[in-house]
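Please look through the sequence and the structure below with a few local features in mind. The explanation that follows takes up a helix, a group of aromatic rings and a residue in a strand, one after another.

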Amino acid sequence: MNNRFKVVITDLITEPLDAERGVLDEVADVVALDAKCEADLIGQIEDADAVMVYHYLTFSKSSVDRLKQCRAIVRPGVGYDAIDLAAARQRGIPVCNVPDYGTEEVADSAVAMAVSLARGTHLLNSRLRRGVGQWNVDQATPIARLRGRRFGIIGCGRIGTAAALRAKAFGLEVAFYDPYRPDGLDKALGIRRIERLDELLATSHIVSVHCPLTEETRGMIAGPQIARMPRGSFLVNTARGGIVDTVAVVEALASGRLAGAGIDVLEHEPPPHDSPVLAAWRDPNHAAHDRLLLNPHTAYYCDEGCEEFRTKGAKEVLRALLGEPLRNVVN
C-alpha cells in the first residue's frame with residue numbers, strides 16, 4: 001500500500017525538482033505538470049494532497065472544486081491574485097504564499113530601472129546601438145539631477161520599504177502612498193507619507209508601483225492617473241500587470257507625458273502576439289521603442305532567490321501534509 005502523499009507543481013517549475021524533493025522526498029512524490037493554461041490541469045490534480053501554483057495560469061473555482069483531498073494550495077511567491085481564495089476557503093483548503101523571498105531583488109530591479117531611465121542610460125543605449133543620433137548626450141536631454149527629486153512609492157510593504165531605502169541612497173526624496181500601513185512608518189524610515197494618490201502622482205519625478213493586485217488596485221494607474229504626473233516623469237511597475245494600464249503607458253510615452261517607463265509585469269503573461277504594447281515597443285518609429293524598458297516578469301529572480309522560494313514553498317507544503325501550523329495563510 002502506498003502511503004506517500006502526492007504534490008503537484010502546476011506551472012513554471014520543471015525537472016529537476018531537487019529543491020522540492022530535498023524537502024518532501026521522505027513523505028511525498030512530487031510531479032511537475034509544466035501547464036500552460038488551466039485546462040491543462042484537468043485530470044492531473046484531482047488526487048493531489050497539495051498543489052504548488054506559480055503565475056502562468058489561473059487557478060479558479062473549477063480547479064479548486066476538482067481537488068478531492070488537497071490539504072493546501074501553496075503559491076511559492078508573493079502575489080496570489082490568480083488563485084480563487086474564496087473557493088478554497090469554502091472547501092476548507094488553506095492558501096499560503098511565500099511573502100519575503102524576492103524582496104531585495106524586486107526592489108533592486110525597480111530602482112535599477114528607474115535610475116537607468118531617469119539618467120538617460122536606457123534611451124541612449126537603445127538609440128546609439130541602432131545608429132540614431134549623435135554620439136553625445138543631446139538626444140537624451142533634459143536630464144534632471146536625481147538628488148532632491150521625489151521618488152513616489154505606491155504600496156510600502158516589504159518591497160516598497162526596500163525600494164525606499166535604496167532610493168534614499170541616491171539622494172532621492174522618498175514619499176509613499178499606502179492607506180493600509182500604520183502611522184509612524186514614515187518616521188521610522190525617514191520618508192514622507194502622502195495621504196492621496198493624486199498628490200503622490202502629481203508631485204513625483206519617478207513613481208514605482210509596489211502594491212498587490214486586488215479589486216481595489218486593479219486598473220489603479222490608467223490614463224487619467226498618468227495624466228496627473230508631471231510631464232517628463234517616469235513610471236516603473238514591478239508589482240502586477242493588472243494594476244497599471246500598459247496601453248495607457250505607451251500612449252503617455254508617445255505624447256511625452258512620460259519620458260520613460262520600466263515595465264516588468266503585463267496584464268497577460270506571456271503577452272499575445274498582437275499586443276499593442278509589444279507592437280509599439282518593437283517599432284523603431286514609436287517613442288516606446290527607446291523609452292520603454294520591458295522585462296518578462298523577472299524582477300524577482302536571482303539564483304539564490306529561486307532556491308529560496310522553491311524551498312520555502314515546499315516547507316509550507318510539508319507542514320500542511322504533516323498537520324503542523326502553517327506560516328503564511330492568505331485566505
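**A helix and what covers it**

Among the elements that cover the buried residues of α6 are α4, β6 (150–154), β7 (173–177) and α7 (185–189). The model is a predicted one, and everything described here should be read with that in mind. The residues of α6 that count as buried are I159, G160, T161, A162, A163, A164 and A167. Helix α6 itself runs over residues 158–169, which makes 12 residues, and its span of 17 Å from the first C-alpha to the last is close to the 16 Å expected at 1.5 Å a residue. Just after α6 comes G171, whose phi is positive, at about 85°.

**A cluster of aromatic rings**

The next feature is built from side-chain rings. The structure contains 5 aromatic pairs. In one of them, the ring centres of Y101 and Y300 are 6.3 Å apart and the planes stand at 70°, and because planes over 60 degrees apart count as edge-to-face, this pair is given that name. Y101 belongs to the loop between β5 (95–97) and α4 (103–118), while Y300 belongs to the loop between β12 (292–294) and α13 (303–321), so the pair ties together parts that lie 199 residues apart in sequence. Both partners fall under the 20% cut-off for buried residues: Y101 is buried because its relative accessibility is 9%, and Y300 is buried because its relative accessible area is 15%.

Y300 also pairs with Y301, again edge-to-face, with 6.0 Å from centre to centre and 85° between the planes. Y301, however, has a relative accessibility of 41% and therefore counts as partly exposed. Taken together, ring pairs link Y54, Y101, Y300, Y301 and F309 into a cluster.

**A buried asparagine in a strand**

Which strand holds N237, and what does its side chain reach? N237 lies in strand β10, which covers residues 233–237, and its side chain reaches the backbone oxygen of R240 at 3.1 Å. With a relative accessibility of 0%, N237 counts as buried. The surroundings of N237 can also be listed by residue: leaving aside neighbours within four places in sequence, N237 is in contact with V209, V244, G262, I263, D264 and V265.

Terms used. Residues numbered from 1 in each chain as written. Predicted model: local features only at pLDDT ≥ 70, side-chain atom pairs only at ≥ 80, totals over all residues. Heavy atoms only, no water. Helix = DSSP H or I, 4+ residues; strand = E, 2+ residues; numbered from the N terminus. Buried < 20%, exposed > 50% of the residue type's maximum accessible area, 1.4 Å probe, protein only. Polar contact = N/O pair within 3.5 Å; in protein donor to acceptor, adjacent residues only side chain to side chain. Contact = heavy atoms within 4.5 Å. Phe/Tyr/Trp six-rings, centres within 6.5 Å; stacked < 30°, edge-to-face > 60°. Expected span 1.5 Å × (residues − 1).
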